[in-house]
Amino acid sequence: MAAPGEEQDVMARYRSPLVSRYASAEMAYNFSERKKFSTWRRLWLYLAQAEKSLGLSITDEQIREMEANLDNIDFKMAAEEEKKLRHDVMAHVHTFAHCCPKAAAIIHLGATSCYVGDNTDLIVLRDGFNLLLPKLARVISRLADFAEKYADMPTLGFTHYQPAQLTTVGKRCCLWIQDLCMDLQNLERARDDLRFRGVKGTTGTQASFLQLFEGDHSKVEELDRLVTEKAGFKRAYMVTGQTYSRKVDIGVLAVLASLGASIHKICTDIRLLANLKEIEEPFEKDQIGSSAMPYKRNPMRSERCCSLARHLMTLVMDPLQTAAVQWFERTLDDSANRRVCLAEAFLTADIILSTLQNISEGLVVYPKVIERRIRQELPFMATENIIMAMVKAGGNRQDCHEKIRVLSQQAAAVVKQEGGDNDFIARVRADPYFSPIHKQLESLLDPSSFTGRAPQQVAKFLKEEVRPALIPYQSKMGGKVELAL
């Protein structure tokens, strides 16, 4: 039982860390009660305006009264009404009517609860995408700058997390960027595919509106079009049940889950590179990595992204199951679930994008560490080049192969059994057999000769695919992002 007065203490109640710790103010507002219920009132206003324009007996005075009270919401009264009525929409109809007594008779005229509920959800989803897209574009832009800067810097590639051929730091970053560009396209498509539920009535047949307009089908269609236009949508779903199809929510959360997968992969790579001491995320002057080990520099931002990305990826299961179990025109077992999963998906995506932007703006590269790792592995990679050079100098391919096999095994034993450095090249220099190519060894071991077309691929990719995709967001690139926590 709460102590006296404790019910007023926010610290005595659970608060979702998505909002209390991480989310941006704009995304938190997008899913707030104030945004939701003020949007309901705007939808009631749009409906009344459209009905009036089509001939229903609604006065200018009633419209002005509604316009004057769109944000004048008595939340305490609404909560009391909902507790009494057990119906959130009717609670807010009564609350709106209380401050609009002249318009009370025509508020919600002909509509069902999903007129405000579902249409508001679609507005909020659209606005959520509009908040996420510039943030995603900023992340891509920051990483593109990083890729361009390090397009030529050789680094050891890994397949199966085992040393493989060289790539460049910039080319590896382009793998991350390519995934995010796919996400940018997916989010844009999902936003643009959203339609308005519109004015459809209790089971989607528009029967109540057909009755209001005395059987005039053209007026019902025009009502639907007018309200859709006022809400900022170009199209409405032509058919619905009581709700818009819950498959729409699947499409929305699927692209956000895919974004989560991309960010998880990127931040996992950064965590692994931090362990190798090749690249690190920003680490602030007074930041503490461990309460027990003062020397530690943990990649906590990347770890946070991975942690929240896992949550984001799982959320798509909610709308999948909800859509599967909707009976006929609608069942209410979608409602409580959607209150949670839709908001959490956008809040989580917002957080990991802001965090990844912060990471990408402060990535630290350690060239000497990268060079040292290349020196450890490159000698073995260069063996084919050495064989080719010896053959060109008049040597026998098979004899050379056997010589290299023996020397490389000896060098491997030094590395693995003695913990020493790779001395393969020193052994080649010391063997008279390889004297014809001793002067060529430096050029044969130039790391840049092992990176193929990586620098050219980076330049072409950034110029032809990445930069053009960012053009619609140029005015929203903004400055650096600072994390509260």
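Analyst: Buried means under 20% relative accessible area, exposed means over 50%, and partly exposed lies in between. The model is predicted. By that cut-off arginine 246 is buried, because its relative accessible area is 4%. Its salt-bridge partner is aspartate 118, with 3.1 Å between the closest N and O atoms. This pair links distant parts of the chain, 128 residues apart: arginine 246 sits in the loop between helix H10 (217-230) and helix H11 (247-275), and aspartate 118 in helix H7 (residues 113-149). Aspartate 118 is also buried, at 3% relative accessible area. Both residues belong to a network of salt bridges that links Asp118, Arg246, Arg330 and Asp334.

Lysine 265 and aspartate 269 meet at 2.7 Å, N to O. They are 4 residues apart in helix H11, so about one helical turn separates them.

In helix H15 (residues 367-381), lysine 368 and glutamate 371 are 3 residues apart, about one turn of the helix. Their salt bridge has its closest N and O atoms 3.9 Å apart. Lysine 368 is exposed, with a relative accessible area of 64%, and glutamate 371 counts as partly exposed at 36%.

Key:
Residues are numbered from 1 along each chain as its sequence is written. This is a predicted model: local features need pLDDT of at least 70, side-chain atom pairs count only at pLDDT 80 or more; totals for chains, interfaces and linings use all residues. Side-chain values use heavy atoms; hydrogens and water are left out. A salt bridge is a side-chain nitrogen of Lys or Arg within 4 Å of a carboxyl oxygen of Asp or Glu. Helices (H or I, at least four residues) and strands (E, at least two) are DSSP runs, numbered from the N terminus. Buried means under 20% relative accessible area, exposed over 50%, partly exposed in between (1.4 Å probe, protein chains only).
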